[in-house]
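Dear colleague,

Here is the structure I promised to pass on, followed by notes on what came out of going through it. Please read the notes with the structure open beside you.

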Amino acid sequence: MSVSHFAVLSSCCRPRFAPSLSRASALRSRIRCCTTLTSTSSETPTPTSVKKRVVSGVQPTGSIHLGNYFGAIKNWVALQNVYDTLFFIVDLHAITLPYDTQQLSKATRSTAAIYLACGVDPSKASVFVQSHVRAHVELMWLLSSTTPIGWLNKMIQFKEKSRKAGDEEVGVALLTYPVLMASDILLYQSDFVPVGEDQKQHLELTRDLAERVNNLYGGRKWKKLGGRGGTIFKVPEPLIPPAGARIMSLTDGLSKMSKSAPSDQSRINILDPKDLIANKIKRCKTDSFPGLEFDNSERPECNNLLSIYQLISGKTKEECQNMNWGAFKPLLTDALIDHLHPIQVRYEEIMSDSGYLDGVLAQGARNAADIADSTLNNVYQAMGFLKRLIIDAK
């Protein structure tokens with residue numbers, strides 16, 4: 001997920017995925033680009049309209065880096081002013097591969113604190129931990145019963161990760177986690193889901209599953225069981241991050257900046273101290289061409305570092321064109337340190353006030369559960385389950 005993989009409120013907003021080529025091409029033709037998230041955007045709700053919903057999340061594994069920040073979290077800050085938003089820490093997705101049980105809880109709290117330090121406002125968005133809303137797992141099981149195994153076998157990320165780990169070391173969760181991702185989205189009747197290039201296939205699967213369940217159990221079939229009829233799930237649309245927001249590795253300008261890369265030198269983490277930032281920029285891969293320039297396919301590292309500088313500083317490309325690497329690297333280092341310092345200070349404040357952070361996550365989980373439980377109850381009813389009665393012990 002950008003992970004993300006992943007916002008939860010009353011007019012949902014998540015991406016869907018279609019395994020077939022025809023569906024994939026249809027998806028591409030409908031893709032929305034969230035490059036204009038200002039108050040003048042055509043998506044900005046009027047005071048009397050119901051806001052549409054967006055959901056998104058990031059795994060608490062590894063360190064949150066510039067790629068996560070510009071590719072997801074910074075966009076969330078803009079989205080929360082336009083949509084009903086739910087942003088969560090997808091801790092259940094973090095256990096699909098071997099992980100450190102001693103660190104999972106700490107990393108989950110740290111990731112939540114980074115969300116808030118980067119500008120996610122709990123008065124505008126619900127911020128919560130995925131495992132604190134148990135409807136995610138329940139809906140995943142129900143969706144699993146209608147998911148063809150062939151759909152999951154086509155997932156590119158499963159093929160790549162299982163090949164690296166080896167069949168004997170790969171758990172079933174690595175194969176089925178796209179169903180959990182679909183559950184994350186569909187629970188909240190999401191309208192849109194922020195999705196990167198590497199997540200489009202999973203969104204296509206989510207869309208396919210929504211339509212499959214609607215066809216199998218919705219409409220008149222559901223009404224005959226006492227339900228309201230119609231569709232069970234809203235079919236979400238993708239929101240593509242603004243162009244240029246994809247941050248590449250510091251050691252390979254053709255590879256995305258990633259938590260899973262073996263070398264920490266390949267990324268700038270949000271919480272890196274200034275001396276470490278300076279060292280990483282000093283040692284990052286460059287080239288021997290004279291001057292600096294954008295959009296030269298033979299200079300991916302140059303394009304990446306200039307893009308980072310532009311995003312961090314707000315300066316234009318042209319201001320750096322006549323520089324050499326010796327002049328540019330200190331400029332980039334200072335810009336990174338200046339931009340990240342206020343986030344790091346706010347992060348330390350939040351982490352030192354455990355009561356505040358716990359309260360934000362608890363309220364976010366309550367908000368999310370109200371929506372998720374309503375969806376889950378509808379699915380149980382439409383699939384023919386006996387209604388659970390809550391009997392007052394008094």
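A residue is called buried when its relative accessible area is under 20%, exposed when that area is over 50%, and partly exposed in between, with a 1.4 Å probe and protein chains only. Helices are DSSP runs of H or I with at least four residues, numbered from the N terminus. This is a predicted model, in which local features need pLDDT of at least 70 and side-chain atom pairs count only at pLDDT 80 or more, while totals for chains, interfaces and linings use all residues. Residues are numbered from 1 along each chain as its sequence is written, and side-chain values use heavy atoms, with hydrogens and water left out.

Helix 11, residues 300–313, is mostly covered, with ten of its 14 residues buried. The buried residues are P300, E301, C302, N304, L305, L306, S307, I308, Y309 and I312, and what covers them includes helix 2 (66–79) and helix 12 (325–352). From its first C-alpha to its last, helix 11 reaches 20 Å, close to the 20 Å expected at 1.5 Å a residue, where the expected span is 1.5 Å times one less than the number of residues. After helix 11 comes G314, whose phi is positive, near 80 degrees.

In helix 2 you will find N68, which is buried at a relative accessible area of 13%. The side chain of N68 reaches the backbone nitrogen of H65 at 3.0 Å. Leaving aside neighbours within four places in sequence, N68 is in contact (heavy atoms within 4.5 Å) with S63, I73 and K259.

S144 belongs to helix 4, residues 135–144, and counts as partly exposed because its relative accessibility is 27%. The side chain of S144 reaches the backbone oxygen of M140 at 2.8 Å. S144 and L180 are 36 residues apart in sequence and 8.7 Å apart in space, C-alpha to C-alpha.

Finally, the second largest pocket is lined by 14 residues, of which L376, N377, Y380, K387 and R388 lie nearest its centre. Helix 4 and helix 13 (354–382) are the elements that give two or more residues to this lining, and helix 13 gives the most, with six. A pocket here is an open set of points on a 1 Å grid over the protein atoms alone, where a 1.4 Å probe fits, with protein on both sides within 12 Å along at least five of seven lines, and lining residues have an atom within 4 Å of a point.

With best wishes

How values were computed:
A polar contact is a pair of N or O atoms within 3.5 Å; within protein, one must be able to donate a hydrogen and the other to accept it, and residues adjacent in sequence count only if both atoms are side-chain atoms.
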